[in-house]
Structures are given as C-alpha cells and as structure tokens.
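Here is a short report on a protein structure. Look through the model first, then read on.

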Amino acid sequence: MKFNEQQLTEFNRLVARYPEGKQKSALLPVLHLAQNSFGGWLSTETMNYVAELLNITPIEVYEVATFYSMYNLKPVGKHVFEVCQTGPCMINGSDNIINYIKEKLGIEVGETTPDGMFTLKTVECLGACGYAPMMQMGKFYKEHLTKEKVDTIIEECKQNAALNN
Amino acid sequence: MSKKLLLEKAHVEGIKHYDVYRREGGYKSVEKALKTLSPDTVVEEVKKSGLRGRGGAGFPTGMKWSFIAKPEGVPRHLVCNADESEPGTFKDRYLMEFLPHLLIEGLIVSSFALGSNDTYIYIRGEYAWIVDILEQAIEEAKTNGWLGKNILGTGFNCNIHVQRGAGAYICGEETALIESLEGKRGNPRIKPPFPAIKGLWERPTVVNNVETLAAIVPIINMGGEEYAKIGVGRSTGTKLISACGNINKPGVYEIDMTISVEEFIYSDEYCGGIANGKRLKACIPGGSSVPILPANLLLKTAKGETRYMNYESLSDGGFATGSMMGSGGFIVLDEDQCIVKHTYTLARFYHHESCGQCSPCREGTIWLDKLLYKLEHGQGKLSDIDLLWDVQRKIEGNTICPLGDAAAWPVAAAIRHFRDEFEWHVNNPKESQIKNFGLAHYANPIQPITA
Ligand SMILES: Cc1cc2nc3c(=O)[nH]c(=O)nc-3n(C[C@H](O)[C@H](O)[C@H](O)COP(=O)(O)O)c2cc1C
Ligand code: SF4
Ligand code: FES
C-alpha cells in the first residue's frame, strides 16, 4: 500500500501548509486522502502507513480516526447514503425517507447491500436544514428528498455501475 | 427592505469569480486598510462598529482582537471558524458557496489587523465541495496580488489555507477547533490560557466565525461609526438568519435587527408564513442550543411588548420567558409537531457529539437521550420528567466547555414551556404513538400580516 504519484503530490501540498515540525496538523486531511485512495475506509494498515508518512506514532492516528464520524473503520458500499435525522430534517419527513431507503434496499441502518453497492447510515445535522430532508452522498449533498428522488438516485448509481462493468 | 451589507451582491451572475467580484467593488477594503490604515486603526474601527461575534456567543469582536498577545518574534494566527454544525444553522455555508471572495477579502483585512501571516479556515468535513470553491477563490486572489508576499507593495505577507474537519460538532468550539487543527481529537482545552495568549501551536490566536469575518468588509468600507448606526442598541449591523422548519420559504436572510419576529415569520420578504396554512406552535430562534419558545412568548415578550430579531429582545425575560440570538439558526415548528420528539432528536444529537472528557456531559447526555427516547416512545413515567429536569440541572455549568450547557438548555426549556405535553405522553402512551398533542394553549394565534 502506497500513495501513487498524484496522491503524493496532494500529500505534500497538504503538509506544506503547516510550519516546520508541525506536520501532524495535516493528519485530518491526510486521512481523508487515504480513505479516498484506499477503498473508502481506513484499515489498520492504512492508518499505519499514514503514521509513517507523517512521522508520528500509529496510536496518534488511531486516536483521531476513531474520534471523527467521517472516517470509516470498516468497509462500506460503493455508494454511502448518509441521511440526516436531526430535528429540522425530522420535521420535514426524514423518518419517511430513511424507512423508504431501508425498504427499497432491503437493509437496516448501518448495513451494506450484499452486492456491496449501497450502505445506509444516519447522521446528525449536516447544515442543510433549510433544504430538508437531505442526505450526503460522497462529496455532495442531495437535498429536498422525496421518494421519487431517492428512486432516481438509486437508479443512477446502478446505471453507473453497469457502465463501469 | 432590510439594508443588505453581506448578501447585496449574492445574486449577481458570476459573483463567485474574481473578475465579477472585483468589478462589483470587491477588495476595496483591502486597499483601504493596507494602504491608509494601520493594524491598530483597523481594530479601532471594528471596536467602533460594535460588531459582535456571529458564531453564537455574541462577544464584541474588536475587544476580542485587542486581547491578542504580541510577544516578540512569535507568529500570531487568525483562524476562521467554518465548522458550522449547530442544528438549524446553514448561513456560513451560504456565504462561502455564493460569495467566497467576500470571506477571503474579510480574512485578508482581519489578518492584517492581527498580524497573521498564515491564516486558516477550518471547515466542517462534510462541506467538501465548498473547500474547492474556497481554494479556487484563494488562487484567484493570489494571482491578482491580494495574497502572498508583499501585498500591494506594503510589505504585508499573507497566505490562507483551508483545512477540512472530519465530522465532529465539538470542533466548532474554539479550543477543540485548535486541537483539531493540530491533528488531534477535538477535546476542548481548559481555559485559561485563552487562545489569544496560547492558541494554535501555543501561539497567540484569534478564532472568529465566517460571518463575523465577512462583516469586516463593510465595516472597513463604510467606517465603524456608520456601521454602528445600522441596527439598534448593542445589536449593530446586519445578521444572517438561516430559517428552516415549517415555513413557506426556508433559506438564508440578511436582516438589520430592527424587524419584529412576527414580521420575519409572516412577511413575504422573509419566511413567508407557516407552511400549508398551519398555525405556529413554537420556535427555536438561534440554533438548537438556545431555549425553545412557544408562539405566544415568541411574538411578544412576557411584558407584552413586541419581540424583535436582535440580541437584546430575543433574550428579554432571561431563560424563564426568553431565548437567545445564538447562531441565527431559526427553527419553526407548526401545530402538528411533537415537542417531545423534537427535543429527543436534539438530545440524541448532543449525546452523539459530546467529546466525553467531562463526566457530567458524557454521562448526562446519555441520560437525556435515553429518558427522552422512553418518553417519546410511550414508555416513560411521570417521574422521568423530573429526572430529566434534574439531570440537565446537573450538567449545566459543571463542564469544561459550553457543550454541556448547550445540551441542557433545550431540554430545560422544553419542559419549562411544554410540561403538559410531556405529561400527556406519559398518560396516553398508546395515543401518543399515533397522534400529536397539537397546539394546546401555547399559541395565541394571530392573523398573518401581508407584506
Ligand atoms: C459546542 C460548541 C460548538 C460551536 N460551534 C461553532 C461553530 O460551528 N461555528 C462558530 O463560528 N462558532 C462555534 N462555536 C463558538 C466558538 O467557540 C467561538 O465562540 C466562535 O468561533 C468565536 O467567533 P465569533 O466571536 O466570531 O462568533 C461553538 C461553541 C461551542 C461551545
Ligand atoms: S462539556 Fe462535553 S463536549 Fe465539552 S469538554 Fe466536556 S465532555 Fe467534552
Ligand atoms: S437537521 Fe438535517 S441538515 Fe440540519
């Protein structure tokens, strides 16, 4: 396991933002980079590699990786649906959206479909309360969700998978 | 129409890009500050403006800036708090998405005032696409000579870096944010020392909210005294309010703090009234941490006076009958909403977000979550309501950082104003699972005003 050239360039850019000897400050962004580069989650091997690159101890990386909710400590599906369930989204029907996705994908919250395509998670307020109900999918937000919109999103994910095969 | 200082140009086509932003008068405040003012006079202007921190606490910004220590040979840092995670709050996101250059401009002037050569924007990890928008704006600003070395030939150097968080509400607390910037868990520090003395890498540091730093631009352009004329009393200038919940027009609005709460909710210029012709039941006016108010206390104070959208008026009556401006996250609940359920989702949120350092917060938020879960799901006892009250009392004021209070206050206010709804849940366990308590006596329905 190693970053490729492009990923290393990005790594160096991230580290260069901090003063000499403060490279540990780059840990959060470097963990994002590592998660994106190595299968969408952080294995022990990945975390050890990050520790080595930043010249810090592995425990310093584990401490951080287990604290923040965006780091996945076990494998996830190709598409992760992170549906917000906090007050303002709840008022606007997030429960219905969560139930609909569960039904449609045949999984519970926290599970991944057997084909490894979809993972369903619930999250707390993502700063899109005025555009509720919403979920995060990778880098972007899907807002004003309806059952129809969920159908479309799932269909698009499946079609993309078909194209890639 | 409220005067607009921040969002005036938000709808100009292409304003995200440097050329358009500059053509519309952008970066003038940098020219003015760097060429005609000294760092200390910039701080003076900010003091005169009366600007109060827009991140939630409302602390006077100029005063905060004047506290920064200046030990010889030690670099100082400005950090922009873009962690925005308080439920109901999405105004900083709007500013960064649509007017990234306004923030960058404000950051350059503020960095000049504080002597920060390396300034960091700490943005919540979920706003991943906004990182790209900000980095592009920074690149453009650099290309055009507003960032980098020897800006405008004045000898002032400044770089801005964007650092992404990774999902933790607590990192919005300024010392947790600093820990996170240092590559650690977001555990708030014990104060003192305050960041102004020992902050990022033990260097003097000022942490300010996105909106606070954007407001520096109009303050420098128009002068602190002129800025202070807008608004009322100690609520000077304009404030961004992110409105959500059961309203016709959720979104981000800039107000000048002289309008009434009633006008804000019902006029077409703002929220456009309650959605689907329903009636107003309650509102959390300043983000999930501040006390919820029933309609009658929201629109009028306990003294029967009109309540206005500003710091003083929203907190009129203290916690007994008032609330707070907070972060400006305005959450409106209509007659069909269940207070117990809504409070439960907030308690679950704080339980999820407690960093776990102090026992009252770590254990207390678990209790709040569990008790409210029971009450909401028809498994509660009347004594649970008292227990809930007792637990929140024991968290408040007994913790390292204010997250403990933030978890306690919404629960306290919900019980204070809606105790009969909690009791109804206990006494009608089956019915409460299929139907809501409704409006009861909380609201004093008023006729919507048309704009
Ligand atoms: C639990 C907690 C979360 C906070 N979250 C934020 C936040 O997301 N954004 C923010 O600007 N301030 C937040 N604050 C307030 C900051 O600690 C700090 O007061 C603020 O960034 C100062 O900037 P200002 O004076 O410009 O408001 C939070 C405070 C606490 C206790
Ligand atoms: S009050 Fe809660 S969030 Fe704040 S330091 Fe203590 S445990 Fe952490
Ligand atoms: S409550 Fe869902 S985005 Fe804020």
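## Domains of chain A

Domain bounds come from an automatic or database domain assignment. For chain A, that assignment gives domain 1 (5–67) and domain 2 (79–163). The C-alpha centres of domain 1 of chain A and domain 2 of chain A lie 29 Å apart.

## About the model

This is a predicted model: local features need pLDDT of at least 70, side-chain atom pairs count only at pLDDT 80 or more, and totals for chains, interfaces and linings use all residues. Residues are numbered from 1 along each chain as its sequence is written, chains are lettered from A and ligands numbered from 1 in the order in which they are written, and side-chain values use heavy atoms, with hydrogens and water left out.

Some terms come first. Helices (H or I, at least four residues) and strands (E, at least two) are DSSP runs, numbered from the N terminus. Two strands pair if DSSP finds at least two bridges between them. Buried means under 20% relative accessible area, exposed over 50%, and partly exposed in between (1.4 Å probe, protein chains only).

Strand 1 (residues 77–82) of chain B is mostly covered, with six of its six residues buried. H77(B), V79(B) and N81(B) lie on one side, and L78(B), C80(B) and A82(B) on the other. Strand 5 (residues 205–209) of chain B is also mostly covered: five of its five residues are buried. T205(B), V207(B) and N209(B) point one way, while V206(B) and N208(B) point the other way.

How do these strands run? Strand 1 and strand 5 of chain B pair in the parallel sense, over five bridges. V79(B) has V207(B) as its bridge partner, and N81(B) has N209(B). Strand 1 of chain B is also joined to strand 2 (residues 118–123) of chain B, in parallel, by four bridges. There, A82(B) partners I123(B).

## An open sheet

Five strands of chain B form an open sheet in the order 9-8-12-10-11, with mixed pairing. Its edge strands are strand 9 (251–255) and strand 11 (293–294) of chain B, and each pairs on one side only. Strand 8 (residues 239–245) and strand 9 of chain B run antiparallel, joined by five bridges. A243(B) stands opposite G251(B).

Most residues other than glycine have a negative phi, and most peptide bonds are trans. Here are some exceptions. The bond from A132(A) to P133(A) is cis, with omega near -10°. P133(A) lies in the loop between strand 2 (118–123) and strand 3 (135–137) of chain A. In chain B, K191(B) and P192(B) are joined by a cis peptide bond, with omega about -10°. P192(B) is in the loop between helix 8 (174–181) and strand 5 of chain B.

Phi is positive for both: near 50° in W201(B) and near 65° in E202(B). Are they buried or exposed? W201(B) counts as buried because its relative accessibility is 9%. E202(B) counts as exposed, at 56%.

## Around ligand 2

A residue is near a molecule if one of its heavy atoms lies within 4 Å of it. Ligand 2 is surrounded by 13 residues, and the closest are C355(B), Q357(B), C358(B), C361(B) and C401(B).
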